[in-house]
Amino acid sequence: MAERETPGQYLDGYAQLLAEVSATGRRLTRDELAARRALGERAAEAGHGLRALIVAHLTAARTAWPATPGSADSALAAMTQVVDAFAEGYEHAQLVAVRREEAARREFIDDLLHGRSDLGYLAERAERFGLRLSHAHAVAVAQGPTAYDEGAPVPRQVEHALDARFGRRNILLTTKDGRLLCVAPGDQDEVLAYFAKHAYAATDGCRVAIGRPQQGPGGVVQSYEEALNTLELAERLGLEGPVLRAADMLVYPVLTRDRQAMADLVQDALGPLTAARGGAEPLLETLNVYFECGCVAAEAARRLALSVRALTYRLARIHQLTGADPCDPGHRYTLQTAVIGARLLDWPAKAL
């Protein structure tokens, strides 16, 4: 590594410039200001702090002042121009560096979540952002009422909370397609739980899905896709609760793996409900709530705003139409599976 430049090297010709301007009263030329901006850019690229550089300029001006004849006002005006141009160059270099870093980070995140890059090269880049892809990782995805952008108040608030609690600790917080994401080591479930808690609080209510820990460079994208699928299933099934775990919902992908078989089950088990007055929807909702309540008639009636007698009548009507008794344990599994399938297939709103 080359030896780092000292701040004094960015003051080249500064004292002479002050002396000349003080003596003549002229303002700095465009080329002189451009030269000072270039020095500011070089200083930023070399990693010097702006505060120390400004102090160096002021100290140099103070040192040269006794030997500078002429107008003090002119010297002060020149000093202001020099420092302003230098700071402008410095800030421009910083902005370019930040944008370059943001672009590299966004490219890495896109490759990481879509698996589009060579896994070995992806793992090398991941270390720059605090991830060791040889280990297992899990992904939590928060989806709220509005889209989240990188640098917006909600992501910053959640990031500050995570940093205060866990430090950097191999955690990556980012946004993707309007959602807020947290990637954490697979053995640190407390990180994702804490993320879910603060994402919910920061958005006044959102839904968070947590994928299962997956091993290796491709594990992040697998866990991410699991979390997205969990959010989609929760939307289709109308599931409640702010935090959903893919591990708790593995039965649903199994049920939908053979879509045609599930459609046949829904049609055979629940198709006769379409003959009821008012269509299948009221009776289908009755079955759904009844099963969610653990087949407790009083609780199901309360949730449906019905009397127990009215609920019992509906269950009897379902039995009459389908030939399957919701109160019979032997029939219950088939009916409940069919009800889940109907929700996943959006039946009867959509034809099977």
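**Figure 1. Strand E1 in the predicted model.** Of the 7 residues of strand E1 (residues 137-143), 6 are buried, so the rest of the structure largely encloses this strand. Buried means under 20% relative accessible area, exposed over 50%, and partly exposed in between (1.4 Å probe, protein chains only). Strands (E, at least two residues) and helices (H or I, at least four) are DSSP runs, numbered from the N terminus. This is a predicted model: local features need pLDDT of at least 70, side-chain atom pairs count only at pLDDT 80 or more, and totals for chains, interfaces and linings use all residues. Residues are numbered from 1 along each chain as its sequence is written, and side-chain values use heavy atoms, with hydrogens and water left out.

**Figure 2. Partners of E1.** Two strands pair if DSSP finds at least two bridges between them. E1 runs antiparallel to strand E3 (residues 179-185), with 6 bridges. Histidine 137 faces proline 185 of E3. Alanine 142 stands opposite leucine 180, also in E3. E1 also pairs with strand E4 (residues 207-210), antiparallel over 4 bridges. Here the partner of alanine 142 is valine 208. A further contact involves histidine 137: its C-alpha lies 5.1 Å from that of proline 213, 76 residues away along the chain. Proline 213 sits in the loop between E4 and H8. With a relative accessible area of 46%, proline 213 is partly exposed.

Figure 3. Strand E2 (residues 172-176) pairs with E3 in the antiparallel sense over 5 bridges. Threonine 175 has leucine 180 of E3 as its bridge partner. E3 has 6 of its 7 residues buried, so the rest of the structure largely encloses it. The hairpin has 2 residues between its strands, and aspartate 177 takes a positive phi near 55° there. Aspartate 177 is exposed, at 60% relative accessibility.

**Figure 4. Two aromatic pairs.** A pair of aromatic rings is described by the distance of the centres and the angle of the planes. Rings of Phe, Tyr and Trp (its six-membered ring) pair if their centres lie within 6.5 Å; planes under 30 degrees apart count as stacked, over 60 as edge-to-face and the rest as tilted. The whole structure holds 2 such pairs. Phenylalanine 166 and tyrosine 194 form an edge-to-face pair, because their ring centres are 5.4 Å apart and their planes stand at 90°. This pair links distant parts of the chain, 28 residues apart: phenylalanine 166 belongs to helix H6 (residues 153-166), tyrosine 194 to helix H7 (residues 189-202). Phenylalanine 166 is buried at 9% relative accessibility. Tyrosine 194 is partly exposed at 22%. The rings of tyrosine 290 and phenylalanine 291 make a tilted pair, with centres 5.9 Å apart and planes at 50°. Tyrosine 290 is buried, at 4% relative accessible area. Phenylalanine 291 is buried too, at 8%.

**Figure 5. The second largest pocket.** On a 1 Å grid over the protein atoms alone, a pocket is an open set of points where a 1.4 Å probe fits, with protein on both sides within 12 Å along at least five of seven lines; lining residues have an atom within 4 Å of a point. The volume of this pocket is about 240 Å³, taken as the space filled by probe spheres set on the points, which are joined across faces, edges and corners. Helix H8 (219-237) and helix H9 (251-256) each supply at least two lining residues. H8 gives the largest share, 6 residues. The lining includes Glu226, Arg236, Met249 and Pro253. It divides into 5 nonpolar, 3 polar and 3 charged residues. Ala, Val, Leu, Ile, Met, Phe, Trp, Tyr, Cys and Pro count as nonpolar, Asp, Glu, Lys and Arg as charged, and the others, Gly among them, as polar.

**Figure 6. Backbone exceptions.** Most residues other than glycine have a negative phi, and most peptide bonds are trans. Cysteine 295 has a positive phi, near 65°. Cysteine 295 lies in the loop between helix H11 (281-292) and helix H12 (297-304). Tryptophan 347 and proline 348 are joined by a cis peptide bond, with omega about 10°. Proline 348 is in the segment after helix H14 (329-344).
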